[in-house]
Each structure stands twice: as C-alpha cells, then as structure tokens.
Amino acid sequence: MHTVFTNGCFDILHKGHVKLLEFCKHYKGVSFRGHSLYPHVVIGLNSDESVKRLKGDSRPINSQEDRAYVLKSLEYVDEVIIFDEDTPYELIKSVKPDFIVKGGDYKKEDVVGNDLAEVLIYNYIDGYSTTNIIKKSQDDL
C-alpha cells in the first residue's frame, strides 16, 4: 500500500477540500483479488498557533481539535497529524509518503517536501477558498 500526504489549515471545510481529499484517496487505487486497495491518506493539519502565524490573528475559525475531528470523519482520510511548525517538512520526513498532493495554486517545485516524495498537483477548483467564504459571510452581514 502506498501513502499519500497532503497538508493545510482546513479551517472551514468546503467542496474544494473534499475533492482534493477524494483525489488523494483514489490516486493509483488498484484492485487485488476483487478488493480495492486504496492508498493510506495522511493529512498534516496546521495547529491553531501555526494557522495564526500564517493567516493572522482572526484565524483559525475552528479549533485544531474540531478541524481534525471533521477531517477524520471523511471516508477519504485515514490519519490526521497536527503539526505546529510553519511548514510540514519534518512531518513529511517522518511520514515518508510516496506522494504529496497539493492544489492547483501550487507549482511542483514550490511544494514543501518535493525532495522527499513525488508531488502531484490537483487541478484547483475556482471559487472555493476558506478566505472567500469568510469574506462573503462578512459581506452578507
């Protein structure tokens, strides 16, 4: 079985997140003796403190415990590991994934850990972002 890793804040889960996680779970899924063998999907989840450093004092909206709980409840996710650093480099070294998946707003050469595993870019779904959701909700007030 191979391991697929992705990471992020996953502050307000939306369709773009779920589609990315679905891609992770089905990447190179194979059948063996009539059974589907899907990869082990590991999510590196930014801690509350690292989200604050990356996104500002108004974030995260949801606590790391709540974000981890929601992610773990998805059928596409096998493991969630909270990390406190600004990048998941040390976590990637520890997990030793076969593949790292990031959204289409990244270039392979800019993805943290590109020297540790093959990087796959999932086509970005326009219009889905936590920042846009927060902005829209504030505009609607």
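Of the 141 residues of the protein, 40% count as buried. The model is a predicted one, and within it the protein has five helices and seven strands, which follow one another from the N terminus in the order β-α-β-β-β-α-α-β-α-β-β-α. When contacts between residues at least 6 apart in sequence are considered, 63% of them join residues at least 24 apart.

**The sheet**

- An open sheet is formed by five strands in the order β5-β4-β1-β6-β7, and the pairing is parallel.
- The edges are taken by β5 (79-83) and β7, each of which has a single partner strand, so one side of each is left without a neighbour in the sheet.
- From one strand to the next, the twist averages 25°.

**Strand β1 and its two partners**

- Six of the six residues of β1 are buried, so this strand is largely enclosed by the rest of the structure.
- Thr3, Phe5 and Asn7 point one way from β1, while Val4, Thr6 and Gly8 point the other way, and all are buried.
- On one pairing, β1 and β4 run in the parallel sense over six bridges, and Asn7 stands opposite Gly44 in β4.
- On the other pairing, β1 (residues 3-8) joins β6 in the parallel sense over two bridges; in β6, Phe5 has Ile100 as its bridge partner, and Val4 has Phe99.

- The pairing of β6 with β7 is parallel and extends over five bridges, and the bridge partner of Ile100 in β7 is Val119.
- Leu120 has its place in strand β7 and is buried, with a relative accessible area of 9%, a value that falls under the 20% cut-off.
- Although Leu120 and Ile100 are 20 residues apart along the chain, their C-alpha atoms are separated by 6.1 Å.
- Leaving aside neighbours within four places in sequence, Leu120 is in contact with Phe23, Tyr27, Phe99, Ile100, Val101 and Lys102.

- Helix α1 has twelve residues and reaches 16 Å from its first C-alpha to its last, which is close to the 16 Å expected at 1.5 Å a residue.
- α1 packs on the sheet, where it touches β1, β4, β6 and β7, and its direction makes about 160° with that of β6.
- The buried residues of α1 are Gly16, His17, Leu20, Leu21, Cys24 and Lys25.
- After α1 comes Lys28, whose phi is positive, near 55°.
- Helix α3 lies across β4 and β5 and runs at about 165° to β4.

**Nonpolar cores**

- The largest nonpolar core has 19 residues, and those with the most contacts inside it are Leu21, Ile43, Leu71, Val80 and Val101.
- The elements that contribute two or more residues to this core are α1 (15-26), β4 (40-46), α3 (64-72), β6 (99-103) and β7 (118-122).
- Apart from this core lies another, of nine residues, among them Val42, Ile92, Ile100 and Ala117.
- Not counting residues up to four places away in sequence, Leu21 touches Thr6, Phe10, Ile43, Leu71, Leu74, Tyr76 and Val77.

**Cysteines**

- A disulfide is, in general, a covalent bond between the sulfur atoms of two cysteines.
- Searching the whole structure finds zero disulfides.
- Cys9 is buried, with a relative accessible area of 12%, and Cys24 is buried as well, with a relative accessible area of 0%.

Technical notes. Residues numbered from 1 in each chain as written. Predicted model: local features only at pLDDT ≥ 70, side-chain atom pairs only at ≥ 80, totals over all residues. Heavy atoms only, no water. Core = buried A, V, L, I, M, F, W, Y, C linked by side-chain atoms within 4.5 Å. Buried < 20%, exposed > 50% of the residue type's maximum accessible area, 1.4 Å probe, protein only. Helix = DSSP H or I, 4+ residues; strand = E, 2+ residues; numbered from the N terminus. Contact = heavy atoms within 4.5 Å. Expected span 1.5 Å × (residues − 1). Disulfide = S-S within 2.5 Å. Pairing = 2+ DSSP bridges. Axes fitted to C-alpha atoms, helices over the stretch in contact; angles between N-to-C directions.
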